[in-house]
Each structure stands twice: as structure tokens, then as C-alpha cells.
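Trainee: I would like to go through this model with you, term by term. Where do we start?

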Amino acid sequence: MIEASTDALLPSPGSRVRPVRDPFHGDLLEVSMGPHHPSTHGVFRMVATLDGETIVRLKPVFGYLHRNHEKLGESTTYLASMPYTDRLDYLCSMTNNWAYALAVERLIGQPVPERAEYVRVILAELTRLLNHTCLAGFLLQDCGASGTPLMYAFREREKILDLFESLSGSRMMCNYQRFGGCRVDPGAHWLAAASRVTEGYGRFLDEFEALLTGNEIMMARTQGVGPLSAKLAVAAGVTGPMLRAAGVAYDIRKVDGYGIYPRFNFRVPLGEHGDTYDRYMLRILEMRESIPILRQALAEIPAGPIMDPKARLRGLRPKAGESYGRIEGPKGEIGFYLVSDGTPNPYRYRVRPPSLINLTILEDLCLGRTIADAVIILGSVDIVLGEVDR
Amino acid sequence: MEITPEQKDELRRHGILLTSLEELYNWGRSHSVWPLQFGLACCAIEMIATSMARFDIARFGSEVFRPSPRQADLLIVSGTVTKKMAPQVVRLWNQMPEPKYCIAMGACAISGGPFKQGYNVLKGIDRYIPVDVYIPGCPPRPEALLNGLITLQAKISGQSISGPDAPRHLGSADSCEYPVPEFGGHDLEPPKNPDLWQPPAPARAPKP
């Protein structure tokens with residue numbers, strides 16, 4: 001037990017933290033969770049101050065995986081940064097690729113062929129399925145369902161990874177998108193295989209939901225835990241499923257209509273309470289919406305080139321200027337901000353990481369709850385440390 | 001009298017199992033290697049995938065991922081070790097009881113990998129802790145991790161429990177604590193454990 005020092009824990013005006021030297025209650029207990037902790041989803045550390053079992057203060061500590069992503073991006077060429085974007089959010093390399101390709105395409109005014117746009121949509125929605133499935137598995141693991149839901153989730157993940165591998169040559173680090181298209185053409189066999197995975201996914205979701213969504217333990221454990229208000233979510237810049245679970249209709253696929261998303265007919269699910277259960281449920285509903293998008297894209301994909309024949313990859317020297325490319329990644333708004341000064345490498349390379357910005361409200365969600373609740377709240381925020389720390 | 005492996009096989013066919021204490025001990029140790037449940041970066045996801053149904057690390061007796069270093073035999077350094085994280089990794093290694101083994105999984109754990117240029121990235125965990133098996137790849141496939149595990153099992157099976165090449169924990173009584181680096185002025189202090197790692201000598205053409 002660490003004796004909490006008085007001056008370090010003086011409550012700020014208006015905070016819910018009580019004074020430390022309260023003669024009635026005892027001392028506060030400071031618990032440091034992580035960076036090596038099975039449920040902090042990587043090398044993340046939470047310093048929780050406990051009053052009995054209740055969290056009265058929670059300080060996130062990160063930087064344990066700071067791999068100098070932005071600095072490396074500024075010291076290499078535009079194309080050489082593409083493999084690094086895979087390693088940002090290492091569950092969703094395809095969407096990271098797309099956001100970066102979009103930023104560079106806007107910087108140099110590069111058009112993208114029709115077929116490549118369709119392939120990008122297919123890959124982005126497959127990535128969304130993959131990410132949300134893994135999230136549900138990890139969240140259930142955090143709730144205490146040790147192993148089994150995660151095994152189900154990883155079984156499905158392997159099917160999507162097989163698709164990624166046969167397309168790009170790598171299971172996780174795909175490095176597939178290029179400025180002005182994609183690296184290789186998927187071909188008819190791949191599209192047929194993607195169709196099979198898409199058609200089978202609904203069945204998996206039915207099975208998963210039959211086990212979990214109405215499960216009484218799951219509901220008792222997650223409903224009403226860590227509610228996020230729409231006001232706080234908007235004020236903190238939260239995006240993605242976290243924001244929509246709080247009831248704010250903001251989906252960049254609808255707002256920006258980047259790529260060819262306006263052609264697709266899909267609904268944006270919204271949460272009502274913003275609690276952990278809503279955040280879980282919203283991801284399930286998003287997966288259900290991804291399946292019709294995939295189905296439509298796989299049916300309508302036109303023939304044609306996969307790369308713009310005039311696209312220039314090597315020796316790229318964009319004119320001085322700046323651009324911001326953002327897409328609706330599975331975790332939220334993933335964006336790349338580039339400033340060019342006319343040299344082969346960007347003057348400034350900045351990533352807008354959805355995980356980090358969604359994580360900033362962690363303390364607000366956890367105050368007044370127990371450590372066990374903090375674990376599942378963190379699980380429902382959906383962080384990947386490669387992106388939080390970069 | 002020396003018994004050849006052929007004679008042993010012959011006896012085994014007749015229902016007589018002949019073994020030595022050393023063989024029995026190593027057989028048991030090498031088929032129940034409990035890894036530490038500890039992920040650092042991208043490779044950790046592949047490590048989790050290895051323990052799932054498709055690749056099923058349980059076939060090799062290593063499915064028991066322990067969250068506590070006190071119960072673990074194997075440290076899989078799965079991912080980029082940053083300078084902020086390196087002291088924690090070495091501390092975890094020190095907390096593990098002997099006999100213990102270390103696998104450096106992926107390019108980052110071996111040498112810093114694609115992030116080697118980074119100012120905050122440790123250029124290989126073997127500067128601070130002794131690594132038994134290196135698995136290249138970015139990230140290595142689950143099959144590669146399984147192959148690394150089999151390589152480690154072969155290494156354990158080959159260890160003799162007495163003599164000069166006995167494993168650390170059966171050897172001299174010196175401490176198995178490794179010095180934990182700390183943040184110095186502009187780098188980790190010390191930058192390496194000189195007993196474990198020395199920079200390779202520069203290769204020069206022989207003088208004519």
C-alpha cells in the first residue's frame with residue numbers, strides 16, 4: 001500500500017474526489033495496473049486511486065509503445081511510410097492504408113480507378129468485421145468469460161486473414177494500398193472467396209449473439225457500466241462506435257462520403273444509454289450493416305485497372321501544400337495530416353489516432369466504479385497501443 | 001556399460017522402458033513450458049492467434065499462459081521494446097524463477113526491426129536478457145512461433161543436468177538477477193549488459 005501524499009491528491013474545485021485525510025474514512029489506496037497486465041490490452045498502465053473498492057481517481061500512463069511513427073514518417077519518402085501505417089493499429093492495417101493513401105491522393109490530386117474504390121470498400125468492411133469481432137472476444141475475456149468467446153472470434157478472424165494473406169502476401173501487415181489504387185488485382189477467385197466469407201458471417205453473428213447478447217451475466221455485468229453522455233463525447237472529440245453508442249449520429253462514411261460510400265445503402269446504428277452494453281451491441285449492429293455493404297460491393301465491382309496507369313509512386317515530390325485524409329476506421333476517425341514542402345518526404349506527418357482520443361475520457365467513465373468495471377470499460381473503449389502511443 | 005539407442009528401442013519393444021534421470025527430467029520440462037502472458041505489440045496478436053483453436057499451441061504443452069511471472073518458464077518478447085518499456089521487461093525476467101527461457105519474437109525484439117531508426121526503440125532485447133531462440137518475421141506467422149517453441153524444446157532436451165554445460169539454475173550459486181536499466185541523460189543506463197552483448201567487431205578486409 002502506498003500512503004497517498006496529501007498535496008498530490010488535493011481535490012480540484014468541482015471534482016468528485018474527496019479530501020485524502022478524511023478522519024472518517026481510511027487512507028486511499030493506489031493501485032498501478034500495467035504495463036504488464038493481461039487486461040490492459042497491451043502495454044498500457046492505469047494508476048487507480050481507490051477508496052475501499054471505488055475508483056476516485058484514475059490516471060492513464062502511456063508511451064510504453066512509442067515507436068516514433070511520426071518522426072519516421074517525416075524522415076522517409078511518402079511511399080516508404082505505407083508499411084509503417086500497417087503497424088499503427090495492427091488489427092486494421094487495411095483501413096490505415098486507405099486513410100494514408102487518401103491523404104496523399106488529396107495532396108497530389110491523384111484519381112483512383114473505379115475497381116480500386118470497390119476493392120477498398122470491400123477491404124475496409126472486412127477489416128471492420130475483423131476488428132469488431134476481436135473486440136467482442138476481448139471484451140468478453142475481460143468480463144471473465146475466459147477463452148471461449150475469444151476462440152470463436154479468432155476462428156472468424158482467421159477466415160478474413162486468409163483473404164488478406166492471399167491478396168497481399170501477409171496476414172496482418174498488408175501494405176496493400178497505393179496512391180492511385182491498390183497493389184495487385186484481386187481476381188475472380190478472391191472475390192468468390194470473399195463472397196463466401198461474407199455469406200457465412202451472418203451465421204456466425206447469430207451464433208455469437210445467441211450465446212451472449214441476451215446472456216444474463218453479460219447484461220448484469222455491462223448494463224449501466226461506464227455510461228458516456230453525448231455531450232461529453234462530443235466535447236472530448238470521441239469518434240466511431242464510442243460516439244454513436246452515446247447516441248450521436250456521426251459516421252464519416254455518411255458525413256464525408258469519401259470513396260464511393262454514397263452509392264451504398266446502409267444504416268448507421270445508434271446507442272441509447274452509452275454504457276458498455278450499448279458499445280458492445282453497437283459493434284454487433286455495425287457488423288450486421290457491413291454485410292450488406294460487402295454483398296453490394298462484391299456484386300457490383302466493375303472490371304478495369306486496379307491502379308491508375310499515370311500514378312507515380314517512386315520519386316514523388318508533391319507541390320508545397322497540406323492535406324488531411326480521414327476515413328471511418330473501425331475504431332473511429334483515423335486521419336493523416338500531411339504538410340509538403342516540395343521535397344520527397346513530408347515536412348509534417350501527423351496521425352489522428354482514434355484510440356488515443358477515445359481513451360481520454362477513461363477517467364470520467366471509471367469514477368465511482370470498481371477496478372473490475374474499469375477493466376471492461378477499457379475493453380469497450382477498444383484501444384490498440386500501437387495507435388495510442390505511435 | 002554403455003547402452004546404445006538401438007538397444008533401448010529393442011528393450012522398449014519388449015515393454016521395458018529404460019531411461020536416465022536426465023532424460024526424464026528434460027522430457028518433462030520441455031513438454032510443459034508455460035509462457036508468460038505478456039504482449040508488447042503487433043506480434044502479441046499473432047501470439048494470441050497461436051494459442052487459439054487453429055494453431056493450438058496446446059499440442060506442444062504450452063497453452064498455459066500465466067499472467068504472473070512467478071509461475072512462468074518462458075518469456076516471449078513479442079513486439080517492439082521501447083526504452084520506456086525495457087526496464088519493465090528486464091524486471092519481469094528477473095521475477096521469473098529458474099529454469100527460464102526467452103524467445104525473441106519478431107524483428108523488433110531481435111534488433112528494433114522497422115523501427116530501429118527510432119529514438120525510443122531498443123535495438124534488440126538481447127542487450128539486457130539472454131535470448132534462447134530468435135524468430136524472425138514482422139510479425140512471424142503462428143507456425144513460426146510454433147517452430148521456435150519446438151527449437152526451444154530441442155534445446156531443453158539437450159541440456160545436461162550436471163557438468164560444465166548445466167543450465168544456469170543448476171550451476172554455480174551466483175544470482176540470476178540481471179541489472180535493470182534506468183533512464184539516464186539521453187539513453188538507457190547502462191546501454192547494454194556487457195556480459196550478454198557486445199557490439200559486433202567491424203568487418204575489415206584483410207590487409208594484403
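**Core, confidence and interface**

Mentor: With the largest nonpolar core, which has 151 residues. B:Leu75, B:Val77, B:Ile103, B:Ala104, B:Met105 and B:Ile125 touch the most other members. The model is predicted: local features need pLDDT of at least 70, side-chain atom pairs 80 or more, while totals for chains, interfaces and linings use all residues. Residues are numbered from 1 along each chain as its sequence is written, with chains lettered from A and ligands numbered from 1 in written order.

Trainee: Why is this called a nonpolar core?

Mentor: Because its members are buried Ala, Val, Leu, Ile, Met, Phe, Trp, Tyr or Cys, joined through C-beta atoms within 7 Å. Buried means 20 or more other C-beta atoms within 10 Å of the residue's own, with C-beta atoms placed from the backbone.

Trainee: Which helix of chain A gives the most to this core?

Mentor: Helix 4 (residues 114-143), with 16 residues. A helix here is a DSSP run of H or I, at least four residues, numbered from the N terminus.

Trainee: What makes B:Cys43 a contact of B:Met105?

Mentor: The rule is C-beta atoms within 7 Å, so a listed partner meets it. Beyond four places in sequence, B:Met105 has partners including B:Cys43, B:Met47 and B:Leu145.

Trainee: How many residues of chain B are in contact with chain A?

Mentor: 29, against 26 residues of chain A. Helix 3 of chain B gives the most to that side of chain B, with four residues.

Trainee: What is the average pLDDT of chain A?

Mentor: 87, on the predictor's scale of confidence from 0 to 100. Residues 1-9 of chain A fall below 50.

Definitions and conventions:
Buried ≥ 20, exposed ≤ 12 C-beta atoms within 10 Å, placed from the backbone. Helix = DSSP H or I, 4+ residues; strand = E, 2+ residues; numbered from the N terminus. Contact = placed C-beta atoms within 7 Å.
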